[in-house]
Amino acid sequence: MLLTIDVGNTHTVLGLFEGEEVIEHWRLATDARRTADEIAVVLQGLLTQSPLLKGADVDGIAICSTVPSVLNEMREMCRRYYGDVQAVIVEPGIRTGVPVRMDNPKEVGSDRIVNALAAIDQYGGPCVIVDFGTATSFDAVSAKGEYVGAVTAPGIEISVDALAAAGAQLHKVELVRPRSVIAKNTVEALQAGIIYGFAGQVDGIVERMVAELADDPDEVTVVATGGHAGLVVGESRSIDVHEPWLTLIGLRLVYHRNTA
């Protein structure tokens, strides 16, 4: 089985593939202080405690990370605890098949390239990927499968934290859909502002990106992913597909492109 690990700034998502299917998955807090030994203990605990795996062995690992310190510990963890397992880490020199048409291609996060690969493989191009993570990232992929540009906005959780910190009478609220847009209390007013506000932001940005990508907007597939995507997908008119495992699918594709 192939273990895929997507290390983000806030969360680390792990998925175990059997063939092309994700048969088990986990979401952990990303902790830059966690050592390779600690990562191994957590990982082995997850693998052995899952009722779905029944002692299944990991025979491949694919990793991408936006946190350099964690990536270094992941590399060490693979060396020490999975030395007999082929590991592919998405970094310069790894074949992805996605040309990057940016002023400085090295600035583009590995997760965003992996997402582009998965979106092209699953849905074709042109497409726009909206990743609801620490930041809300919008990635544009051409009909030829090229990564051609991006938009980055503050993420949902960052915005909620900032609002709670700056407002004397405001506080963090559960991120759920309120009863109505016009709220009758402070909690639902915050929920409405967050959910409908981000849905409007997504629709506005996507509409402009689609206009630049293709003459016919219907040619462009808009794919949502990331931990907070489920909050906005139902309220957005522009999102076509919600694929929570887009990055993991891309890691699976990268692994097979780089192993014999």
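**Entry 1: ground rules and salt bridges**

I count a salt bridge when a side-chain nitrogen of Lys or Arg lies within 4 Å of a carboxyl oxygen of Asp or Glu. My search of the whole structure returned 10 salt bridges.

I note that this is a predicted model, in which local features need pLDDT of at least 70 and side-chain atom pairs pLDDT 80 or more, while totals for chains, interfaces and linings use all residues. Residues are numbered from 1 along each chain as its sequence is written, and side-chain values use heavy atoms, without hydrogens and water.

I took helices (H or I, at least four residues) and strands (E, at least two) as DSSP runs, numbered from the N terminus. For accessibility I call a residue buried under 20% relative accessible area, exposed over 50%, and partly exposed in between (1.4 Å probe, protein chains only).

Glutamate 91 sits in the loop between β5 (86-89) and α3 (110-123) and arginine 75 in helix α2 (residues 68-81), so the pair ties together parts 16 residues apart in sequence. Glutamate 91 is partly exposed at 33%. Arginine 75 is also partly exposed, at 36%.

Next I checked arginine 101 and glutamate 146, which meet in a salt bridge at 3.1 Å, N to O. Arginine 101 is in the loop between β5 and α3, and glutamate 146 is in the loop between β7 (135-141) and β8 (147-154), 45 residues apart. Glutamate 146 is buried, at 16% relative accessibility.

Then I turned to aspartate 139 and arginine 112, a salt bridge of 2.8 Å, N to O. This one links strand β7, which holds aspartate 139, to helix α3, which holds arginine 112, across 27 residues. Buried or exposed, I asked of aspartate 139? Aspartate 139 is buried, with 0% relative accessibility. Arginine 112 is buried at 14%.

I also found a network of salt bridges linking Asp203, Glu207 and Arg237.

**Entry 2: the sheet and its helices**

I count two strands as paired if DSSP finds at least two bridges between them. Five strands make an open, mixed sheet in the order β3-β2-β1-β4-β5. Its edge strands are β3 (21-29) and β5, each pairing on one side only. From one strand to the next, the twist averages 15°.

β2 (residues 11-18) and β3 pair in the antiparallel sense over eight bridges. Threonine 12 stands opposite leucine 28 in β3.

For angles I fitted axes as lines to C-alpha atoms, for helices over the stretch in contact, and read them from 0 to 180 degrees between N-to-C directions. Contact means heavy atoms within 4.5 Å. Helix α1 (residues 36-49) lies across β1 (2-7), β2 and β3, at about 140° to β3. α2 packs on the sheet against β1, β4 (60-65) and β5, at about 170° to β4.

**Entry 3: cavities**

I worked on a 1 Å grid over the protein atoms alone; a cavity is a set of points where a 1.4 Å probe fits but cannot get out, and lining residues have an atom within 4 Å of a point. Points are joined across faces, edges and corners, and a volume is the space filled by probe spheres set on them.

The count is two cavities of 30 Å³ or more. The largest cavity holds about 140 Å³. Its lining has 13 residues, with Thr12, Leu28, Arg34, Ile39 and Met74 nearest the centre. β2, β3, α1 and α2 each give two or more residues to this lining. Which element gives the most to the lining of the largest cavity? α1 does, with three residues.

Methods: 1 Å grid on protein atoms, 1.4 Å probe; cavity = no way out; pocket = protein on both sides within 12 Å on 5 of 7 lines; lining within 4 Å.
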